[in-house]
Amino acid sequence: MEWQILKNEILFEHMEETIAAEIFRGKTYPWEVLPEIGAFIQKLGKTLSEEEYEKRGEDIWIAKSAKVFPTVYIHGPAIIGKNAEIRHCAFIRGNAIVGEGAVVGNSTELKNVILFNKVQVPHYNYVGDSILGYKSHMGAGSITSNVKSDKSPVTIQTGYGKVQTGLKKMGAVLGDEVEVGCNSVLNPGTVVGKKSNIYPLSMVRGYIPPCSIYKKQGEIVEKN
């Protein structure tokens, strides 16, 4: 069965708003991309303009227009896009693509992620094994949980049944322009459709339709 609602083309209308568009070609679903991020960065980084990007170490490329605060730690492979802002004490653990104009805030941790352009994870966020679509935003203290407590492969709960990802580590996928409220937890395998809002202090699991408001478990309403 094809899970139309979970396809890349449905979740991400603005595929042109990421330097990583090529990694999605030939892939149907976003979780298929996660195991390939590191190798893709190493390949892509070698093609980046030396006039626009500065290479640091073996596999870290930082746009010269990006603002990276002195207390930031970046482990490669990683690409920091043009005009991005990486604030004090951010911890980038590797396999990370930070899009143009994106904000990675104080004490925010990234690991094996793609942040599309203008994504904001500005305050005390953890984002691991996840993809955040164009202009998506995670409120202060909101995190992605990327490993199930029993360490079994991550599945995605939908109204049409359960989807097997085959991955032991998968956080969340946010479609374009998703808003996640402060101190929310996105459980392993959470997929939020484009332009949806998650209330603060939410514990989210499974698939949330586009243009919805998630108030609490079992209470999801359409936007007016």
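Trainee: Which residues touch the most other members of the largest nonpolar core?

Mentor: This is a predicted model, where local features need pLDDT of at least 70, side-chain atom pairs count only at pLDDT 80 or more, and totals for chains, interfaces and linings use all residues. Residues are numbered from 1 along each chain as its sequence is written, and side-chain values use heavy atoms, with hydrogens and water left out. A nonpolar core is a set of buried (under 20% relative accessible area, 1.4 Å probe, protein chains only; exposed is over 50%, partly exposed in between) Ala, Val, Leu, Ile, Met, Phe, Trp, Tyr and Cys residues joined through side-chain atoms within 4.5 Å. The largest has 70 residues, and those touching the most other members are Leu6, Val98 and Ile114.

Trainee: How many aromatic pairs are there?

Mentor: Rings of Phe, Tyr and Trp (its six-membered ring) pair if their centres lie within 6.5 Å; planes under 30 degrees apart are stacked, over 60 edge-to-face, the rest tilted. By this rule, the number of aromatic pairs is five.

Trainee: Why is the pair of phenylalanine 12 and phenylalanine 24 edge-to-face?

Mentor: Both residues, phenylalanine 12 and phenylalanine 24, are buried. Their ring centres are 5.7 Å apart, and the pair is edge-to-face because the planes stand at 65°.

Trainee: What kind of aromatic pair do tyrosine 29 and tryptophan 31 form?

Mentor: Tyrosine 29 is buried at 12% relative accessible area, and tryptophan 31 is buried at 6%. Their rings are 4.9 Å centre to centre with 0° between the planes, and the pair is stacked.

Trainee: Which residues do ring pairs link into a cluster?

Mentor: Phenylalanine 12 and phenylalanine 24 are both buried. Ring pairs form a cluster of Phe12, Phe24 and Phe116.
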